[in-house]
Amino acid sequence: MRLSDLKEVSDNVNLDDYLSLYSIVRDNMEHPEWLGTFTKDEVIDILNNGGKIWLYYDGDIPVCSVFYIPVKNKTLRKHNVSYDEKDTGSLGPIMVRSEYVGNGLQKDMMKVLNNYVKSIGILHMFTKAHSDNIYSINNILKDGYRVVHEYESDRGPTTAFIK
């Protein structure tokens with residue numbers, strides 16, 4: 001199954017479906033702390049301040065999602081990034097339902113996000129991943145990101161990247 005086989009919703013995303021997918025993915029992860037958590041209010045706040053979600057369905061089943069999040073200079077500086085927030089965005093959570101893992105959906109969603117950020121004038125992208133999340137780190141590096149900071153967070157060893 002490819003991303004193109006799924007139905008994309010990126011405007012007026014059903015937040016209940018998004019949060020349901022978030023819970024399903026997190027509950028089925030060996031290390032759920034790698035994903036972190038967002039409340040519905042936090043997601044709404046991010047969306048109201050320039051964020052964007054792509055949610056993909058197989059029929060009526062939410063399968064995967066990617067989240068664009070605006071980033072603040074304070075966060076960039078904390079991670080040794082000198083780019084300005086008006087030129088830089090953040091690759092937020094990428095989720096794939098466990099039964100769909102292994103189809104390249106994460107990489108495909110990163111391409112969708114890359115096209116979007118170019119269209120809105122974003123020049124650089126920032127993201128973080130748990131340092132043991134090798135699959136995501138490999139996809140991040142293959143997408144052109146480079147490591148800028150490694151540190152210990154409340155979720156364990158974390159690697160920050162910039163592209």
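Predicted model: local features only at pLDDT ≥ 70, side-chain atom pairs only at ≥ 80, totals over all residues.

Guide: Residues are numbered from 1 along each chain as its sequence is written, and side-chain values use heavy atoms, with hydrogens and water left out.

Visitor: Why is α1 called oblique to α2?

Guide: The axes of helix α1 (residues 15-27) and helix α2 (residues 40-48) cross at roughly 120°. Angles under 35 degrees count as roughly parallel, over 145 as roughly antiparallel, 65 to 115 as roughly perpendicular and the rest as oblique, so α1 is oblique to α2.

Visitor: What makes Tyr18 buried?

Guide: Buried means under 20% relative accessible area, exposed over 50%, and partly exposed in between (1.4 Å probe, protein chains only). Tyr18 has a relative accessible area of 0%, so Tyr18 is buried, and Tyr22, with 5%, is buried too.

Visitor: Why is the pair of Phe38 and Phe67 called tilted?

Guide: Rings of Phe, Tyr and Trp (its six-membered ring) pair if their centres lie within 6.5 Å, and planes under 30 degrees apart count as stacked, over 60 as edge-to-face and the rest as tilted. The centres of Phe38 and Phe67 are 5.9 Å apart and their planes stand at 55°, so this pair is tilted.

Visitor: Why is Phe38 called partly exposed?

Guide: The relative accessible area of Phe38 is 25%, so Phe38 is partly exposed, whereas Phe67, with 0%, is buried.

Methods:
Axes fitted to C-alpha atoms, helices over the stretch in contact; angles between N-to-C directions. Helix = DSSP H or I, 4+ residues; strand = E, 2+ residues; numbered from the N terminus.
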